Amino acid sequence: MEAPRVEQLLDFRRLPADGFILALLVLYTPFGICLMLLRIFIGIHVFLVSSALPDNLLRRVIVRSMCSILGMFVSQNDPRQRDKNVKTFISNHITQFDHNIMSLLTPCHTPLLDGQSGFVSWARGYLELGWMDNRTRLAEALRQYSSMEAMRTLLLFPEEETTNGKLGLLKFSSWPFTVDSTVQPVVLTAKRPFISVSVVESSWVAELLWMFFIPFTVYQVSSVFLGACRWLPSMSQMDEESEEEFAVRVQEHLATELGVVSTPHTKSDKVEYLKRMKHIAPQAANSANSHPSGARAQTFLPGLSITSLSAEDVRITGMAKQVKEVLPHIPLSVIKMDLVSTKCVDTTITNLLEGRVQFTPEEVSVSPSSSSLSSKLRLTPCDLISSLKKAPKYGPAAKPASKMTFEKSPIDRHLSLQERKEALYAYARRRYTEKHGSQPQTDESQDGRH
């Protein structure tokens, strides 16, 4: 099975796309707000109780019951399969509260991997050992912690970042498997009505409020066991098997149990993808703001960030911007519609200039410095090409021809296409010169840019 792309492992939209479910959510909103306020008050008492009582079975039963009132329902399949001799759990990562859910079932600690240490991290139930910027030192500290008697079991998330858990798992880091040679994998799933379980770049406070707002969230915990003739409660590192190979083997078994695939994408790939989306956002937003509201609505939906777009949408938007810079009188919606089928800037430009795509030209605002271009922007595609072919390289455009001929020979038509492209590049160079007051460095660099 082909590995999904990074963006397919993430949820960018919290609200449902289905209109009927969205209408139900709107009707539920007044009740949800009241429920959220009530649960905030109860949640404070849950925190106080969990902080005051000693860590034992009675405390977990009380806290788990109170968490049910908060809308967090936890179930597990056959808790007797829990291997009490194993000191390290390995789990997939879907929400920012996975470690809290596991703590309701069995005592365990999760080290703080990023963020600020202090009261907030302690209140959220993280184990602070330092070395957040050095995984090797952190693994050494965890080994020392695990070697102590009567210490809690460690719960580690080798993905190091959350995913939606629907299509695949991020590549497991190898450092969690250097802590202990024997681990017990745990599969964690979550379901929630109306909205997504988690959204990228959402703070833990926002996720907690959404959890209080929604009627309930169901967490399912199950243990993975492997064996040829009998089920085994744990997985151990084989002889001459490296930590990297052990991590891949555990990841494969977790993916099989979840019904997803193992992907080569890492935490860094997710972070890099989100950074790239943020970088594209200002450019795409400026492009959308420069067009009528109808075209802008097709590019962005109110209340959604640029990360709501898929990689294909971002690519089409970028190519449409290039075409728009060359042909500003053509509506952006028309450009994008043709780019969806051609996937090529040059082909779309050719289609528009040769009249293969019908459109109504837009009015283009022209500054005084570029007034010499105003007449060309109102020309038809055929007249524009004819005008450009007769114009000098950097001088003003000549008078447009009245008619564009269609060559009978395929070779002549190909040469004509090349001429149109060269004329188009010359037109773009002139626009750049009149706008910026200087010429491009080389013709080759400008041609490559366009």
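Student: Which helices each supply at least two residues of the nonpolar patch?
Tutor: Those are α1 (19–52) and α6 (204–213). Keep in mind that this is a predicted model.

Student: OK, and which residues form that nonpolar patch on the surface?
Tutor: The patch is made up of Ile33, Leu37, Ile40, Ile44, Leu48, Val205 and Leu209. Together they have about 580 Å² of accessible area.

Student: Where does the largest share of the patch come from?
Tutor: From α1, with five residues. Leu37, for instance, lies in helix α1.

Student: Which residues make the contact?
Tutor: On the α1 side you have Arg39, Ile42, His45, Val46, Val49 and Ser50. From α2 come Arg59, Ile62, Val63, Met66, Cys67 and Ile69. By type, the residues of this α1 and α2 contact split into eight nonpolar, two polar and two charged.

Student: And how does α2 pack with α3?
Tutor: Helix α2 (residues 57–69) and helix α3 (residues 98–105) pack at about 130°, with axes 8 Å apart. That angle makes α2 oblique to α3.

Student: Who's touching whom there?
Tutor: Arg60, Val63, Arg64 and Cys67 of α2 meet Ser103, Leu104 and Leu105 of α3. The α2 and α3 contact residues are four nonpolar, one polar and two charged.

Student: New topic: how many salt bridges does a search of the whole structure find?
Tutor: Seven. One of them joins the side chains of Asp11 and Lys166, at 3.4 Å from N to O.

Student: Where do Asp11 and Lys166 lie?
Tutor: Asp11 is in the segment before α1, while Lys166 is in the loop between β5 (153–156) and β6 (168–169). So the pair ties together parts that are 155 residues apart in sequence.

Methods:
Residues are numbered from 1 along each chain as its sequence is written. This is a predicted model: local features need pLDDT of at least 70, side-chain atom pairs count only at pLDDT 80 or more; totals for chains, interfaces and linings use all residues. Side-chain values use heavy atoms; hydrogens and water are left out. Axes are lines fitted to C-alpha atoms, for helices over the stretch in contact, and angles run from 0 to 180 degrees between N-to-C directions. Helices (H or I, at least four residues) and strands (E, at least two) are DSSP runs, numbered from the N terminus. Angles under 35 degrees count as roughly parallel, over 145 as roughly antiparallel, 65 to 115 as roughly perpendicular and the rest as oblique. Contact means heavy atoms within 4.5 Å. Ala, Val, Leu, Ile, Met, Phe, Trp, Tyr, Cys and Pro count as nonpolar, Asp, Glu, Lys and Arg as charged, and the others, Gly among them, as polar. Patches are made of residues with over 30% relative accessible area and no salt bridge: like charges are joined within 9 Å, nonpolar side chains (Val, Leu, Ile, Met, Phe, Trp, Tyr) within 5 Å. Accessible areas come from the Shrake-Rupley method with a 1.4 Å probe; for residues, only the protein chains shown count as cover. A salt bridge is a side-chain nitrogen of Lys or Arg within 4 Å of a carboxyl oxygen of Asp or Glu.
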